[in-house]
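Let's take a walk through a protein model together. Keep the structure open as you read and look up each residue as it comes along.

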Amino acid sequence: MQLKFIAGLSALATLALAAPLEKRAEFCGQWDTEEIGNYIVYNNLWGQDSGSGSQCTEVLNLDGNNLSWRTAWSWSGGQYSVKSYANAAYMFDTKTLSSLSSIPFTWKWAYTGSDMVVNVAFDLWTSAGNSGDYEYEIMIWLAAIGGAGPLGSQVSSFSYDGTDWALYEGTNGAQTVYSYVAGNQIESITSDALPFLTHLVDSGYLSSSQYLRAIQAGTEPFLGSNAELITSEYSVEVN
């Protein structure tokens, strides 16, 4: 996917926490966003020109650090092209991988729709410094629906938290992409994302001196109609 991210995360987090947590109507513009608490929710229709359709996203509620949100879409054409990545991005201060102790998260979601080819996935971004271009994209796929698949080819496997994950390596044209794809669809999970990064470091794919710069949780649709992803519960922290 393509990342259109806002800089100055710690400053934004301060502003967001100071602002009242008011929910607005759904937003449908290509780059529309809503900031709420420690999150920025993106519509992010970065690949819309590869097909035809529309998509709208809405923040439903924030209770403490627990976010609920939804996105609804219909896309056709360009069957091998991702149309968007509606997602919730967590705002935090960048940290080197070696300094991380945990990335605990909870995600509960449900999908409905027709003829869907789509994933549900985390997107983590790293680089050698705490500013500038990202160098690595690390995806954690909780679902590959309708034949959706990651970039590249499988290079390894990883067993963690009761699930077997296939690890793929590819490129999006700008960054090296590592994708962990769950062997079974996971619609409710409470876990820790750090072991995925540790596995990449231990396997020699990633340096522990890389900075974790961004964490997003969302969905990449290829095709489908009358589709709706509802996240009833989502929270994450970076420790």
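We'll start with the disulfide, then move on to a helix, the aromatic rings, the nonpolar cores and a glycine in a loop.

First, some ground rules. This is a predicted model, where local features need pLDDT of at least 70 and side-chain atom pairs count only at pLDDT 80 or more, while totals for chains, interfaces and linings use all residues. Residues are numbered from 1 along each chain as its sequence is written, and side-chain values use heavy atoms, with hydrogens and water left out.

Now find the sulfurs. A disulfide is a covalent bond between the sulfur atoms of two cysteines; here it is taken as a pair of cysteine sulfur atoms within 2.5 Å. The structure holds 1 of these, and it joins C28 to C56, with 1.9 Å from S to S. C28 sits in the loop between helix 1 (9-18) and strand 1 (33-36), and C56 is in strand 3 (residues 52-63), so the bond ties together parts that are 28 residues apart in sequence. Helices (H or I, at least four residues) and strands (E, at least two) are DSSP runs, numbered from the N terminus. The torsion about the S-S bond is about 110°, so this disulfide is right-handed.

Are these two cysteines buried or exposed? Buried means under 20% relative accessible area, exposed means over 50%, and partly exposed is in between (1.4 Å probe, protein chains only). C28 has 36% relative accessibility, so it counts as partly exposed, whereas C56 is buried because its value is 15%.

Next, go to helix 2 (residues 194-202). Its buried residues are L194, F196, L197, H199 and L200. What covers them? The cover includes strand 7 (104-127), strand 8 (136-145), strand 9 (153-160), strand 10 (163-171), strand 11 (176-182) and strand 12 (188-192). Just after the helix, G204 takes a positive phi of about 85°.

Time for some rings. A pair of aromatic rings is described by the distance of the centres and the angle of the planes. Rings of Phe, Tyr and Trp (its six-membered ring) pair if their centres lie within 6.5 Å; planes under 30 degrees apart are stacked, over 60 edge-to-face, and the rest tilted. The whole structure has 18 aromatic pairs. Take W109 and Y111: their centres are 6.4 Å apart and their planes at 80°, so they are edge-to-face. F158 and F196 are also edge-to-face, because their planes are at 75°, with centres 5.6 Å apart. That pair links distant parts of the chain, since F158 is in strand 9 and F196 in helix 2, 38 residues apart. F158 is buried at 13%, and F196 is buried at 2%. Ring pairs also link Y39, Y90, F92, F105, W107, F122 and Y234 into a cluster.

F122 turns up again in the core. A nonpolar core is a set of buried Ala, Val, Leu, Ile, Met, Phe, Trp, Tyr and Cys residues joined through side-chain atoms within 4.5 Å. The largest has 56 residues, and I103, Y111, F122 and W165 have the most contacts inside it. Strand 7 gives the most to this core, with 9 residues. A second, separate core of 10 residues includes A121, A148, F222 and L223.

Finally, look at G149, in the loop between strand 8 and strand 9. Not counting residues up to four places away in sequence, G149 is in contact (heavy atoms within 4.5 Å) with W141 and F222.
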